Amino acid sequence: MASSSGVGAGVQGVQASVAALDALTALGALDQEDALLASGAAVGSGVDVLRRRYEIRLERLELAARLEAQLAAMKARDAAEAVGFQQAMTPPDASVQDRTYAEMSVVEEIAGVLTVSSAAAGALVEQSRKICSLPPVFQALSAGAMSWQHARIVADETEGLDPAGAAALVAHFFDPDAPHPARGAAPGELVPSRFRAKVRAWRERHHPETLQKRHAKGVADRRMEYTPDRDGMAWVSLYLPGDTACAIWNRTTATARGLQGPNEPRTITQLRPDIAASLLLGSASEPGKVPTPRADVLVTVPVFSLLGLTDEPATLDGLGPIPASMARKLVADGADSFYRVLVDPRDGAPLEIGRKNYRLTETIKRWIRMRDGKCTFPGCTNGTPDNDTDHLQAWEHGGTTGASNLAQLCPKHHRLKHHTQWTPEPATEDRSPGWTSPTGRHYKPEHPHPEPTHWPQWLTPTEYQCLDARCANANARCVDASPEDLPPWEPDDDSLIDPDDLAPDDPLWAELLASPFALST
C-alpha cells in the first residue's frame, strides 16, 4: 500500500494540473483584448487572436490528458488499497473460501461506486494491483507522463512473468540507467498500439519460456468464432498461426487491389470480406478473372537461427516475433511472397535481403521498408503493403534523392504531409524520420531496437573460430572477444547494393519512385 507521503504527492500533482487548467480556462473565457493582455501581447501587435485561442485549446487538452492520467493513478492506488484493507480486516484464521468471498465483495463495492460491471471492476482491481506493484510504472502514471492505457499495457504484458522478468521489462522501458534501455520515444510519447507492439516484442524475446513452446500451445487452441451483430450483420474470426493469418490477409488485399478499377465501385475494405467469402463458399469465379499479384513479406531471421543452431525467434513483417521453426519453413519452402532478411550475430543489425530477381530498385525499397517498418507518421500503425515511398523534402523544393530523404508514408499521411504543415526531419540509413506538428510539437522517430543474436552454446562469444582472412588469428581461436568484436561482414553477392552507394542522379532512383511500393508480379 502507498505511504501517506505518496498520497500527498499524488494529490499535489492533481492540484497543480487543476490550477494550470483553471488558468487556461479563465484565459480562454476572456474577450479578445483581455486575452491578448493576459497572454503578454500588446493590443494591436498583430497577434492572431483566433490562433491564440486555438493554441489555448490544445494546451488545455494536453493538461486534461495529464490530469486524467494522474486521476487514473489515484483511482488505481485506491482500488488496490481497498482490497488490501479488506484483506487486513479479514480474520487471520479465516478459511480460503471466506477470503475469496471477502475479495469478491470489495470488487462488487468498487463496481457499485464506479457504476461499472463486476467484470470491469475485477479487471480494474487486478490491473491496479499490478501497476502499483511496479513503482516506475506507477510513478510515470502519477506524474501524467503516460496514460492509463499505457500503464494497463504494462500490466497485461507482464502477466505470466515472474517478479524478476516483470522488473526487467519495466526497467528496459522506464529506467534510462538500465543496462540496455529502450531507445527513441518514451512510453507516453507513443500511441498505445505502438507501445504495446514494442513491449510485446521485448517480452517475446526475453520470456523465460521459449516462444516455440508458447506457440505450440497457441496452435492447439486455434479456432473459428461466429458472433451475430446488429443490422443483420455478423463477425467471423479465425485464431490461426501468425504466418497463416498473415498470408490470408496479404492474399485478400492483393486480390482486392487487382480488382480495383474505374468500373469497380467497392472499396478495398469492402472487397476483402467479399473475396474471403467467395473463396470459402467456392464461388471465386463469380467476379470473373481475378489477377492475383503476390504480396511482398519480409522474414527477418538471425543467421544462427536460420542454420538451425539456435531457436531464437525471427520476425515476420506485419506480425512480429514468430518461432524459428516457422521462419526456417518459410525460407526452405521458397514461399514466393516471403523474402528472408539475415541479421548480424554481433548486434542484430540487418545484413542482407534475399532476392529472387535482379531488379535493384526492389532491393532498395525493401531496405527502406525494413528500416521504417510502417508508415513513419507519428502514431500511425499502417503496415507496409499500403505505403508509398516518399521524398521527405520535395524535389522541387531542393530535396535530394537518397536514403536519408526517403521514407514510408501511408496514402492518408502522404496526402496530409503535402497539404498541411506537418514536417518530417531527415532520416538516416538506420533511422526513420521524426516529425514536427503545425504547432511546433516534435515527435521522435521509433528507433529499431536490434539486440545481439543468441549464440549456440558450443560457440560462445568469448571463444570463436576467426572467419576473417584479414585477422592475424585467422584459422585460430580468438579469445577474450565479444560479438561486437567480430569483423565486419558483407554478403558476397554482386546483386546486392547499399542505397548510399547510388549517385543522386542514378536512374534507379527514378525507377524506384515510379514503381508500386510493395507488390511484385
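## Helix α3 and its partner α5

Axes here are lines fitted to C-alpha atoms, for helices over the stretch in contact, and angles run from 0 to 180 degrees between N-to-C directions. With that in hand, α3 and helix α5 (residues 118–132) pack at an angle of about 100 degrees, and their axes are 8 Å apart. Helices (H or I, at least four residues) and strands (E, at least two) are DSSP runs, numbered from the N terminus. An angle under 35 degrees counts as roughly parallel, over 145 as roughly antiparallel, 65 to 115 as roughly perpendicular, and the rest as oblique. So α3 and α5 are roughly perpendicular to each other.

Who touches whom? On the α3 side there are Ala76, Arg77, Ala79, Ala80, Val83 and Gln87, and they meet Val125, Ser128, Arg129 and Cys132 in α5. Contact means heavy atoms within 4.5 Å. Sorted by class, this contact has six nonpolar, two polar and two charged residues. (Ala, Val, Leu, Ile, Met, Phe, Trp, Tyr, Cys and Pro count as nonpolar, Asp, Glu, Lys and Arg as charged, and the others, Gly among them, as polar.)

## What kind of model this is

You're looking at a predicted model, where local features need pLDDT of at least 70 and side-chain atom pairs count only at pLDDT 80 or more, while totals for chains, interfaces and linings use all residues. Residues are numbered from 1 along each chain as its sequence is written, and side-chain values use heavy atoms, with hydrogens and water left out.

## Salt bridges

The structure holds 21 salt bridges, each being a side-chain nitrogen of Lys or Arg within 4 Å of a carboxyl oxygen of Asp or Glu. One of them joins the side chains of Glu55 and Arg51, at 3.5 Å from N to O. Both Glu55 and Arg51 lie in helix α3 (residues 49–89), four residues apart, which is about one turn of the helix.

Helix α8 (residues 163–174) and helix α9 (residues 192–206) have axes that come within 11 Å and cross at roughly 135 degrees. That makes α8 oblique to α9. The crossing is right-handed; a crossing is left-handed if the near helix is turned anticlockwise from the far one by less than a right angle, and right-handed if clockwise. From α8, the contact uses Gly165, Ala168, Leu169, His172, Phe173 and Phe174, and from α9 it uses Phe195, Lys198, Val199, Trp202 and Arg203. Those residues divide into seven nonpolar, two polar and two charged.

Next come helix α11 (residues 242–259) and helix α12 (residues 268–280), whose axes come within 9 Å and cross at roughly 115 degrees. These two are therefore roughly perpendicular to each other, and α11 passes α12 in a right-handed crossing. Among the residues in contact are Trp249 and Leu259 of α11, along with Ile268 and Leu279 of α12. By class, the contact has eight nonpolar, three polar and three charged residues.

## The strands

Strand β1 (residues 223–228) and strand β2 (residues 234–239) pair in the antiparallel sense over six bridges. Two strands pair if DSSP finds at least two bridges between them. Met224 stands opposite Leu238 in β2. The hairpin of β1 and β2 has five residues between the strands, and there Asp231 takes a positive phi near 60 degrees.

Further along is an open sheet of three strands in the order β11-β12-β13, with antiparallel pairing. β11 (423–424) and β13 (442–443) stand at the edges with a single partner strand each, so one side of each is left without a neighbour in the sheet. Strand β12 (residues 435–436) is joined to β13 by two bridges, and Thr436 stands opposite His442 in β13.
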